Amino acid sequence: KTIAPLLSFDASGQIAKSQVYSTWKGIKYARRYTIPSNPNTTAQQQVRTAFTWVHELFKYMGADITAAWTLYAKGQPFTGPNAFSQANIPELNGASNITNLVVAKPVAGGPPPASLVLTPGSGQISATLTAPTLPSGWSITSATFFCIKDVAPTDEADARTGVTQTDSSSPYTQVFTSLTASQLYLVGAFFKYLRADGNVAYGGSINGTATPT
């Protein structure tokens, strides 16, 4: 972190291949100049694949999910997409499925749902989310559901198939249709709350899997 770098008010770029000056989220900093390496090990390839898949997935998630991550990152030295990547890359790196996908993190003390029940049908999955016991003065604003094929996180095209749906009244149930028969799907869901102090909170998501007939 720098103040008046190089006897000036600002600095950017490298000098004499020894130091690099730049700005990150409004903070000016300096670091040692290095020549980036480009390892191509199997482990590194897996990390890159997971990073690309997670980055693509976030772009196609609904506004209710991205809003939860934006609030989660508020006041922190990272953005909502950064937080989503940090939470999911370790879970999905080298995995054969996305069962451990983190759809949402708890924000402002929001409790997770009590349960998520999935009922498969012909080309569809019905999802029902049960509310937890809430702190005094809290209320539920909405329940958000996310459905996606539970496959290895390697193909960017699969990351674009996720569907987000929201229900604002009890019972909190959504039906995902036009699904592929005999294909395993992951459904993740969470609640958005209004706290007693008037602020918004989110509960962490819980997941389930089901296979349409």
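A residue is called buried under 20% relative accessible area, exposed over 50%, and partly exposed in between, with a 1.4 Å probe and protein chains only. The structure is a predicted model, in which local features need pLDDT of at least 70 and side-chain atom pairs count only at pLDDT 80 or more, while totals for chains, interfaces and linings use all residues. Residues are numbered from 1 along each chain as its sequence is written, and side-chain values use heavy atoms, with hydrogens and water left out.

Both W138 and Y193 are buried. Rings of Phe, Tyr and Trp (its six-membered ring) pair if their centres lie within 6.5 Å; planes under 30 degrees apart count as stacked, over 60 as edge-to-face and the rest as tilted. Eight aromatic pairs are counted by this rule. One of them is the tilted pair of W138 and Y193, with 5.7 Å from centre to centre and 55° between the planes. This pair links distant parts of the chain, 55 residues apart. Ring pairs also join F58, W69, Y72, F78 and F84 into a cluster.

The places of the two paired residues are as follows, strands being DSSP runs (E, at least two residues) numbered from the N terminus.

| Residue | Location |
|---|---|
| W138 | loop between β5 (124-130) and β6 (139-149) |
| Y193 | strand β9 (residues 185-194) |

An open sheet of three strands has the order β4-β5-β8 with antiparallel pairing, where two strands pair if DSSP finds at least two bridges between them. β4 (115-121) and β8 (172-176) are at the edges with a single partner strand each, so one side of each lacks a neighbour in the sheet. The antiparallel strands β4 and β5 are joined by seven bridges; L116 has L129 in β5 as its bridge partner.

Key. Helix = DSSP H or I, 4+ residues; strand = E, 2+ residues; numbered from the N terminus.
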